[in-house]
2 protein chains.
Amino acid sequence: MADPISPIQPDWTLYRTFLAVLREGSLSGAARQLALTQPTVGRHIEALEAALQIALFSRSPSGLVPTEAALALRQYAEELDATTAALSRAATRLGEGVRGTVRISVSEMIGVEVLPPMLAQLRAQWPELVLEIMLNNRVEDLLRRDADIAVRGVRPQQDALVAQFIGTINIGLHATPDYLARHGAPQSWDELGRHGLIGFDSETPFIREVQSRIGGLRRERMALRADSDVMQLAATRAGFGVGVCQVGLARRYGLVQVMADQFNWPMDTWLAMHGDLRNHRACRVVFDALVTGLRDYANAA
Amino acid sequence: MADPISPIQPDWTLYRTFLAVLREGSLSGAARQLALTQPTVGRHIEALEAALQIALFSRSPSGLVPTEAALALRQYAEELDATTAALSRAATRLGEGVRGTVRISVSEMIGVEVLPPMLAQLRAQWPELVLEIMLNNRVEDLLRRDADIAVRGVRPQQDALVAQFIGTINIGLHATPDYLARHGAPQSWDELGRHGLIGFDSETPFIREVQSRIGGLRRERMALRADSDVMQLAATRAGFGVGVCQVGLARRYGLVQVMADQFNWPMDTWLAMHGDLRNHRACRVVFDALVTGLRDYANAA
DNA sequence: TGGTTGATATACAAATTTGTATGGCCGATC
DNA sequence: GATCGGCCATACAAATTTGTATATCAACCA
């Protein structure tokens, strides 16, 4: 039935298989993820290569190695994936009342430490609500519909987005009273160097920005390195040493701020949502609840 | 194989069928467009409704009437369509050299009157280049990848876009010398009212903006109404009466401008491209050629 | 070095999807 | 008011897609 001469617009399902193979790195892996079998996945890739008239992978016994072509096309497939997921979510929200799935993208710290009570209250009030949380695995593009609602550190520019300013969340150096009683409270960057400093493992753009303005937070000085903010807070609470965290959370857990005059990082915080979702009752309710809840949190600190 | 209890992520192909049914308004029509048969299309819709647990259409003997749910989900399907098409185009551009398909969105007038020589020259220089032209059928969103390159009347804001200012294209009232010899040249809006005025049929946002600043271009005064700019120009050139068109084109066709002091609409013009395409050789070549060509056109007027 | 693991490729059978043919329904038109 | 055209629904047959089983190869580890 397929015309062998001219390239036909490929079956959209092939794109999903293509993406799975890229993510898993092998036909077998993709087959497991898709609940298909390895031969079918292999045939899908063959079909897609034939349709696009391009080699997408070089086969190897350890898996499939994507060609440059495959890497170039990946972003499109990711977009398709995000859009289909968004469509499914939108479908669950149809009908009367506050119902269906809303996907939220937040930082690990806000997600773990701040959001849960708000989510619990939302769910208690609207039993048909389903919530998905994305702990900032890098992709959090509202325009691409990776999430419906996102907490952002900068003012969203696109006018396709609805945005509300939450407030300024302050970040500082903290330790347990216990730890400070044993080791003393550092008063300067030099003294801090002799403490068990808790910090980042790999440098993110955000960290580089902080470093450029504050210096003295070099990677070599860290006594415990972890990329997870939540892990860092846990270590600080366990009395490992001095760690960076939001002052509101520090207060909640009885941590004491040190060198407040020398290190204070104010983090402007915004809540954003895709403008198309303004009229989805469920999204609207969640958005409004998060604005209120997060403002309370930001103002309390 | 499909779990009958929990809704499964639907086969992506179902979305394509869904979109075709929305566009065609019937199962049979969609089947024709997709090169499938009416029963399969019907089954696809059934399957999608089952997967999403939503009624998408109410069946009727004259076709399918989309439910509100279907209308709400349509935009997502359109996005999928745009993205798959963009993927296919990107695939054709892979490899060495300037090759593959580039899709351009322009106004009808620029497309028909200005672009063709530039396109011809591009094609002559790069025989492997394929060009697609979209005459502004409303959707021309570069972020959604409906097109690769677009001519815009306003400065593109999104920083995901590459944009170049082309120049200012002036629009004025014109007629053939012949016509003016027979009817005289109007000197005022009142006089113009007695002429065979050529203008729009339905009001677009652009027209409303012009009207709000210039008045006197009411729909009732038109002696010939057509939404197509190209049709309007053709009528003006045929000596029907006085019409609105770009002064550069008017000059080319020997038309004479009237009431230049009272009606002159400067139209800022930009060329824009999705930033991701900056490194696609073919897109880059077309973009640069259009910048040069359109600037020549704008400056000549 | 030999066994184990996990990968792709291929042959064949099962299952699913698709197409064909038909019937019935509504509306437009002469 | 009868006919024609276009549409959807359903039954049955054909074709395609998928899964199962197996062979083969490379890498890793004891």
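The model is predicted, so local features need pLDDT of at least 70 and side-chain atom pairs pLDDT 80 or more, while totals for chains, interfaces and linings use all residues. Residues are numbered from 1 along each chain as written, chains are lettered from A and ligands numbered from 1 in written order, and side-chain values use heavy atoms, without hydrogens and water.

**Exercise 1. The contact between chains A and B**

Task: State how many residues each chain gives to the contact, and what area is buried.

Solution: 
1. Contact means heavy atoms within 4.5 Å. Chain A gives 34 residues and chain B gives 33 residues.
2. Buried area is the accessible area (1.4 Å probe) lost by two parts on being put together, summed over both. Here it is about 3400 Å², with 65% from carbon and sulfur atoms.
3. On the side of chain A, Trp12(A), Tyr76(A) and Leu87(A) lose the most area to chain B, together 25% of what that side buries.

**Exercise 2. Charged pairs across the contact**

Task: Count the salt bridges between chain A and chain B, and find the partner of Arg145(A).

Solution: 
1. A salt bridge puts a side-chain nitrogen of Lys or Arg within 4 Å of a carboxyl oxygen of Asp or Glu. The count is two.
2. Arg145(A) pairs with Glu79(B), and their closest N and O atoms are 3.1 Å apart.
3. Next, the elements: helices (H or I, at least four residues) and strands (E, at least two) are DSSP runs, numbered from the N terminus. H4(A) gives the most to the side of chain A that touches chain B, with 18 residues.

**Exercise 3. The surface near DNA strand D**

Task: Find the residues closest to DNA strand D and the side chains at its phosphate oxygens.

Solution: 
1. A residue is near the strand if one of its heavy atoms lies within 4 Å of it. There are 20 such residues, the closest being Thr40(A), Leu27(B), Ser28(B), Gln38(B) and Arg59(B).
2. Of the DNA strand D atoms within 4 Å of the protein, 70% belong to sugar and phosphate.
3. A side-chain N or O atom of Ser28(B) is 2.5 Å from a phosphate oxygen. For His44(A) this distance is 3.3 Å, and for Arg32(B) 3.4 Å.
4. H3(A) gives the most to this surface, with four residues.

**Exercise 4. Helix H9 of chain B**

Task: List the buried residues of H9(B).

Solution: 
1. Buried means under 20% relative accessible area, exposed over 50%, partly exposed in between (1.4 Å probe, protein chains only).
2. In H9(B), residues 229-237, Val230(B), Gln232(B), Leu233(B), Ala235(B) and Thr236(B) are buried.
3. Just after the helix, Gly239(B) has a positive phi of about 80 degrees.

Definitions and conventions. A polar contact is a pair of N or O atoms within 3.5 Å; within protein, one must be able to donate a hydrogen and the other to accept it, and residues adjacent in sequence count only if both atoms are side-chain atoms.
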